[in-house]
Amino acid sequence: MRSREQLEKERFLRGLIPLAELERREEELRANSEQVLRRLTASAQESLDGQAAQEARPALVRTAKALWLVSHHRPEPEDMPGFYW
Amino acid sequence: MGTSVDPCSLTVARAVAEIRQGRLSPVSLAQALLQRIDRLEPQLHAWVTVDRELVLEQAHESLRKLERGEKAGPLHGVPIGVKDVFYTEGMRTTAGSAYYADFVPTHDSAAVARLKRAGAIILGKTVTSEFASAPWPNGQPKTRNAWRHEHTPGGSSMGSAVAVAARMCPAALGNQMGGSTLRPAAYNGVAAMKPTFGLISKYGVFPCSWSIDTVGIFARTVEDLAMLVLAMAGHDPLDPTSAQRPVEDYVSAVHHPKERPRIGLVRQFFFERSDQEVRKHTEDVAERFARAGATVEEATLPVSLDDVFAVHTTISQSEMSAYHEELVQDHPEAISPDLRASLRAGMFITAVKYLQAQRVRRRFRAQMEALASRFDVLLTPTTPSPAPRDLTTTGDPVFQNTWTNLGFPTVTLPSGLSKSGMPLGVQLISPPFTDAALFSVASWCEGVLQVWLVPPLVGANPDDAPKR
């Protein structure tokens with residue numbers, strides 16, 4: 001979860017989104033991605049030493065949110081990337 | 001040989017013309033730029049390496065070729081800055097990493113080789129953040145914004161953006177995995193282009209994320225951007241992501257501006273995340289385009305950009321972690337803590353999730369292409385705000401991530417100054433492989449805007465409005 005200061009800064013930058021709405025979205029994403037984060041954290045604790053696992057924690061939170069959002073899309077059968085263009 | 005104008009203020013096109021017509025010596029041009037670097041580098045810190053002897057040797061060789069009557073390439077005698085992630089034969093290439101502090105490649109990257117073949121002189125290597133990703137190497141701010149030193153210069157191609165803005169070189173190379181070219185360009189008041197993914201070879205460029213990374217170009221005019229893209233574009237069998245498409249004449253496209261273009265103004269998301277001044281400025285720019293004959297309509301995004309970012313994060317983190325796996329395992333101390341944490345986190349993304357993100361990206365690309373194809377270009381602000389007064393950040397790449405991730409070509413044009421006197425820019429976007437058409441519209445927009453920004457430390461110069 002970002003600090004109050006960071007959220008205020010984002011509110012200033014975004015201008016049109018009320019702080020309460022930002023916080024609601026952030027909380028929703030955090031709660032929804034919690035299970036993904038638990039799995040990632042368990043893997044990290046298994047394979048990294050304590051300090052490295054701790055250091056990776058903020059990055060794992062970002063990763064978990066991204067993975068949760070991606071998991072809600074269903075690619076079509078023809079979406080089989082391998083070649084670029 | 002002699003020219004009445006300050007050589008440092010010349011655009012690439014003008015410098016080439018002056019050199020060809022014998023009014024400017026490549027040696028005089030190189031010397032003038034080196035003197036400019038001597039004067040401003042202590043304040044700006046835009047360069048990692050400038051090899052004066054090598055630069056002057058190249059300039060003398062360019063002059064000798066002219067004197068011998070040899071055919072001059074399209075960039076003959078023009079010094080170019082190169083971001084320090086491009087391999088340069090015999091010249092140190094650090095990628096902003098302590099681990100590669102003494103790395104001297106034995107061959108050129110394809111982009112550099114093609115610039116040299118076109119006659120360009122490599123002026124030196126410009127500052128990048130660590131592996132063109134983390135905000136600052138070891139948390140130490142280095143490069144300064146060309147307009148105000150206490151504002152961020154952007155990143156990760158900050159050295160190239162600042163060098164072009166400060167007239168230390170007329171053009172420079174960068175690259176972009178998120179917003180690493182267009183964002184610093186806008187923060188420093190210069191133009192930039194990120195071509196379609198695969199148009200320019202990435203062979204010999206330190207990768208961030210090989211299925212997203214694109215070579216970028218900084219210059220002060222759209223014509224100069226087109227000249228460099230034309231010199232570097234084309235298939236390269238050494239880069240597996242290189243496109244096998246014919247190269248178009250981008251310079252000719254600039255010389256034939258697209259009249260009355262159809263412009264899709266994207267307010268959704270981009271205006272929500274911009275500050276009030278940027279929103280109003282972008283509306284004003286759109287209004288100017290409309291008054292000049294463009295058709296400006298609202299463009300509605302077909303996909304959630306938060307989801308596009310999630311795909312971007314999943315792919316880029318996976319690829320970066322794969323590329324740096326050995327370094328993370330064997331020499332973790334050589335990587336700064338934030339980047340090391342991100343690389344370690346990426347190692348826990350499964351192959352299935354990575355591939356699903358690639359598949360979803362393909363779908364997003366098709367949907368966004370359908371939208372972009374309804375217009376000649378999409379128009380957005382380049383950044384949510386002018387360069388933040390905060391040296392601990394390189395700013396927010398949120399307005400570039402989508403287009404970089406989906407492979408679309410984009411251009412940023414300087415479009416004015418904020419009330420506080422910092423540069424503002426607008427971003428133009430078109431579908432993949434419509435780079436020539438994008439240049440044509442960008443040329444028209446540049447002609448309507450007529451904005452040429454000169455940082456106060458450079459000093460006003462009547463020659464700064466480029467002449468064609």
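A residue is called buried here if 20 or more other C-beta atoms lie within 10 Å of its own. The model is predicted.

**Stop 1: helix α11 of chain B**

Select residues 337-346 of chain B, which form α11(B). The buried residues are Leu339(B), Arg340(B), Ala341(B), Ser342(B), Leu343(B), Arg344(B), Ala345(B) and Gly346(B). Eight of the 10 residues are thus buried, so the helix is largely enclosed by the rest of the structure.

**Stop 2: strand β4 of chain B**

Next select residues 171-176 of chain B, strand β4(B). Six of the six residues are buried, so this strand too is largely enclosed by the rest of the structure. In a regular strand the side chains alternate between the two faces of the sheet. Here Ala171(B), Leu173(B) and Asn175(B) point one way, while Ala172(B), Gly174(B) and Gln176(B) point the other.

Now show the partners of β4(B). Strand β2 (residues 79-83) of chain B pairs with β4(B) in the parallel sense over two bridges, and Val82(B) stands opposite Leu173(B). Strand β6 (residues 214-219) of chain B runs antiparallel to β4(B), joined by six bridges; Gly216(B) is the bridge partner of Gly174(B).

**Stop 3: helices α7 and α14 of chain B**

Select residues 222-232 and 435-449 of chain B; the axes of these helices come within 9 Å and cross at roughly 160 degrees. An angle over 145 degrees counts as roughly antiparallel, so α7(B) is roughly antiparallel to α14(B). The crossing is left-handed.

Which residues of α7(B) meet α14(B)? Val222(B), Ala226(B) and Val229(B) do, against Asp435(B), Phe439(B), Ala442(B), Ser443(B) and Glu446(B).

Conventions. Residues numbered from 1 in each chain as written. Chains lettered and ligands numbered in written order. Predicted model: local features only at pLDDT ≥ 70, side-chain atom pairs only at ≥ 80, totals over all residues. Buried ≥ 20, exposed ≤ 12 C-beta atoms within 10 Å, placed from the backbone. Helix = DSSP H or I, 4+ residues; strand = E, 2+ residues; numbered from the N terminus. Pairing = 2+ DSSP bridges. Axes fitted to C-alpha atoms, helices over the stretch in contact; angles between N-to-C directions. Parallel < 35°, antiparallel > 145°, perpendicular 65-115°, else oblique. Left-handed = near helix turned anticlockwise from the far one by under 90°. Contact = placed C-beta atoms within 7 Å.
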